[in-house]
Every structure is written in structure tokens, then in C-alpha cells.
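Here are my notes on this one, as numbered points. Have the model open while you read.

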Amino acid sequence: MPRGGKKGHKGRGKQFSNPEEIDRQMRLQKEMEEKNGAEKESSSESEDESSSEDETRRRCGVDGLIEIENPNRVTQKSKKVAEVDLDAPKELTRREREEIEKQKSKERYMKLHLEGKTEQARADLARLAIIKKQREEAARKKEELRKEKEAEEAKAKR
């Protein structure tokens, strides 16, 4: 019975390339790269190192055969020390900006609260005034009771 059952084998048979063919293709590719590198050096010797690094970087897999423009694959370009600007303002992340705004609003609120301009401060002051009045009345009543008690004791002694 043939491979794949009654219906037969679908697909191609595997073909393996021989090592001599692979060696020949690699030699041709290296020669082409050397040739292109020599032409580029002679045409423009003042190019940046970053572009020559891209050329000399060894490509693995299909990268060497097909030019791929992948927007998700971003190569990190290293900046030279002369290009780095330390005086430039640092860009803050969204979380850092929100944290700074939160702290500033808290400080602003505390300042207004201490001045008594917020609703909560007004409510607190009103509550304190009520408590003061209650304590003063309680102290006055206590004083009156103490005086009455002293007066009764004074009468009892006579």
C-alpha cells in the first residue's frame, strides 16, 4: 500500500541539498559581500560607523536572503558621547507626571485647609466651635454645682 493510505501520498518528497552545493553558495555570497563592501568603501569613506555596522552584521536565517522591512524590529542605535545632550529636559513618563500632579494638588489643598478656605476646614471649625461651647457650658454647670455644694456645707456647719 502506498504512503498515506488508499488515497496516496500528498505533498512532495523531501529533497536534501548536498554539502558541495551549500559550500559553493556560501562562497559566492561572501564574494558578493566583499565586493559590495569594497565598492562602498571606495565611494564614500566618510559614512557613519552605524551604517557600516549594519552591513557587517552577520545575518542569520532568511535575513541574508530576503530584505525584510519589519516596523516592529527596531535596532538600537548607540549614540556617540558628543551627541548626548545632558542639559536637555528629561521626558517624564505618564506615571511620573501624574505622581507630581498628585503631590502638588495635595500641597495646594493642605495650604487652603490650613487657611480655612476648604469645605472640610469650615466643617471642622464649626464642629470645634460647637464642642467648645458644650465644654464651656459643662464647666459652668460644674462650677455652679460646686458652689451650691459649698453653700450647703457652710449652712450645715452653722
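1. Let's start at Gly116, which sits just after α3 and takes a positive phi of about 80°. Helix α3 covers residues 94-115, and its end C-alpha atoms are 32 Å apart, in agreement with the 32 Å that its 22 residues should span at 1.5 Å a residue. That expected span is 1.5 Å times one less than the number of residues.

2. Some ground rules before going on. This is a predicted model, where local features need pLDDT of at least 70 and side-chain atom pairs count only at pLDDT 80 or more, while totals for chains, interfaces and linings use all residues. Residues are numbered from 1 along each chain as its sequence is written, and side-chain values use heavy atoms, with hydrogens and water left out.

3. Helices (H or I, at least four residues) and strands (E, at least two) are DSSP runs, numbered from the N terminus.

4. How much of the protein is buried? Of its 158 residues, 3% count as buried. Here buried means under 20% relative accessible area, exposed means over 50%, and partly exposed is in between (1.4 Å probe, protein chains only). The accessible surface comes to about 16,600 Å², and 51% of that belongs to carbon and sulfur atoms. Areas come from the Shrake-Rupley method with a 1.4 Å probe; for residues, only the protein chains shown count as cover.

5. Now the salt bridges, of which there are six, each being a side-chain nitrogen of Lys or Arg within 4 Å of a carboxyl oxygen of Asp or Glu. In helix α3, Arg94 and Glu98 are four residues apart, about one helical turn, and their side chains meet at 3.1 Å, N to O. Glu98 is partly exposed at 40% relative accessibility. Lys117 pairs with Glu115, with the closest N and O atoms 3.3 Å apart; Glu115 is partly exposed too, at 44%.

6. Over in helix α4, Glu143 and Arg146 lie three residues apart, about one turn. Their salt bridge comes out at 2.1 Å, N to O. An α-helix has 3.6 residues a turn, so residues three or four places apart point the same way.

7. Last, which residues form the negative surface patch? They are Glu144, Glu148, Glu152 and Glu153. Glu144 is in helix α4 (residues 119-157) and is partly exposed at 45%. Patch residues have over 30% relative accessible area and no salt bridge, with like charges joined within 9 Å. Asp and Glu count as negative, and the charge of Glu is placed at CD.

Key
Patch = residues over 30% accessible without salt bridge, like charges linked within 9 Å, V, L, I, M, F, W, Y side chains within 5 Å.
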